[in-house]
Amino acid sequence: MSVQYHESVTAPARRDWRMAVRHGLRGRCPHCGEGRLFRGFLKPVEACAACGEPLHHQRADDLPPYVVITIVGHIIVGGLLLAEKYADWSMGLHMAIWPTLTVVLSLLLMQPVKGGVIGLQWAMRMHGFGGVPNTPERQPLPPAVQPS
Ligand SMILES: [Zn+2]
């Protein structure tokens with residue numbers, strides 16, 4: 001008698017990362033899409049109020065600002081170059097528009113981008129979202145004690 005193992009028995013169910021990112025971009029729980037993802041501007045909730053999915057595992061860290069900088073940078077630099085080429089704006093108008101647009105776009109995009117990153121982490125089962133506690137990085141060994 002032989003025992004057969006099937007990958008589907010041991011492997012966790014796949015999560016739809018597109019749906020999870022979409023829910024995160026809307027500021028909703030990546031699992032159910034109903035509960036709120038944030039309790040503050042950038043502070044995620046501990047767990048979803050609607051489905052109970054724990055969300056404290058998230059480790060978005062610096063990725064959302066990098067993504068926002070990339071998006072806003074392309075918009076601002078592209079717009080600035082187009083304005084320089086096709087419009088005859090004064091330096092004062094440039095100084096009024098571009099810094100203001102940079103700050104406004106960055107503030108508008110930061111929360112949705114962070115939500116999308118958390119949704120992606122949830123879908124990829126990163127940082128404890130897969131049911132396994134997040135293991136800490138290896139710590140260096142303590143210095144060896146020299147006998148005196
Ligand atoms: Zn939920």
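Helix α4 bends by about 35° at Met-110, with a proline, Pro-112, following within four residues. The bend at a residue is the angle between axes fitted to the seven residues ending there and the seven starting there. This is a predicted model, so local features need pLDDT of at least 70, side-chain atom pairs count only at pLDDT 80 or more, and totals for chains, interfaces and linings use all residues. Residues are numbered from 1 along each chain as its sequence is written.

**The overall layout**

- The protein has four helices and zero strands; helices (H or I, at least four residues) and strands (E, at least two) are DSSP runs, numbered from the N terminus.
- Reading from the N terminus, the elements go α-α-α-α.
- Of the 148 residues in the protein, 19% are buried. A residue is buried if 20 or more other C-beta atoms lie within 10 Å of its own, exposed if 12 or fewer, and partly exposed in between, with C-beta atoms placed from the backbone.
- Take the contacts in the protein with a separation of 6 or more: 56% of them come from residues 24 or more positions apart. Two residues are in contact if their C-beta atoms, placed from the backbone, lie within 7 Å.

- Despite the bend at Met-110, the length of α4 checks out: at 1.5 Å a residue, its 33 residues should span 48 Å, and the end C-alpha atoms are 47 Å apart, which agrees. The expected span here is 1.5 Å times one less than the number of residues.
- Buried residues in α4 include Leu-109, Val-113, Lys-114, Val-117, Ile-118 and Trp-122, and the glycines Gly-115, Gly-116 and Gly-119 are on the buried list too.
- What do the buried residues of α4 pack against? They pack against α2 and α3.
- Arg-125 counts as partly exposed because it has 15 C-beta neighbours inside 10 Å.

**How α3 and α4 pack**

- Helix α3 (residues 63-86) and helix α4 (residues 91-123) pack at an angle of about 145°, and their axes are 8 Å apart. Axes are lines fitted to C-alpha atoms, for helices over the stretch in contact, and angles run from 0 to 180 degrees between N-to-C directions.
- The crossing of the pair is right-handed; a crossing is left-handed if the near helix is turned anticlockwise from the far one by less than a right angle, and right-handed if clockwise.
- On the α3 side, the residues that meet α4 include Leu-63, Val-68, Ile-71, Val-72, Ile-75 and Leu-80; among their α4 partners are Trp-98, Leu-101, Leu-105, Leu-109, Met-110 and Val-117.
- By class, that contact has 16 nonpolar, two polar and one charged residues. Ala, Val, Leu, Ile, Met, Phe, Trp, Tyr, Cys and Pro count as nonpolar, Asp, Glu, Lys and Arg as charged, and the others, Gly among them, as polar.
- Val-72, in helix α3, touches Thr-102, Leu-105, Ser-106 and Leu-109, leaving aside residues up to four places away in sequence.
- An α-helix has 3.6 residues a turn, so residues three or four places apart point the same way.
- Val-72 and Leu-101 sit 29 residues apart in sequence, with 8.9 Å between their C-alpha atoms.
- Is Val-72 buried or partly exposed? Val-72 is partly exposed, because it has 19 other C-beta atoms within 10 Å.
- Ala-83, also in helix α3, is eleven residues from His-94 in sequence and 8.8 Å from it in space, C-alpha to C-alpha.

- Trp-17 belongs to helix α2 (residues 17-25).
- Not counting residues up to four places away in sequence, Trp-17 touches Leu-120, Ala-123 and Met-124.
- The C-alpha atoms of Trp-17 and Gln-121 are separated by 8.7 Å, although the two residues are 104 residues apart along the chain.
- Trp-17 is partly exposed, because 15 other C-beta atoms lie within 10 Å.

**The loop between α2 and α3**

- Asp-61 is in this loop and has a positive phi near 50°, in a residue other than glycine.
- Asp-61 is exposed, because 11 other C-beta atoms lie within 10 Å.
- His-56 lies in the loop as well, and counts as exposed because it has 10 C-beta neighbours inside 10 Å.
- His-56 and Pro-44 are twelve residues apart in sequence and 7.3 Å apart in space, C-alpha to C-alpha.
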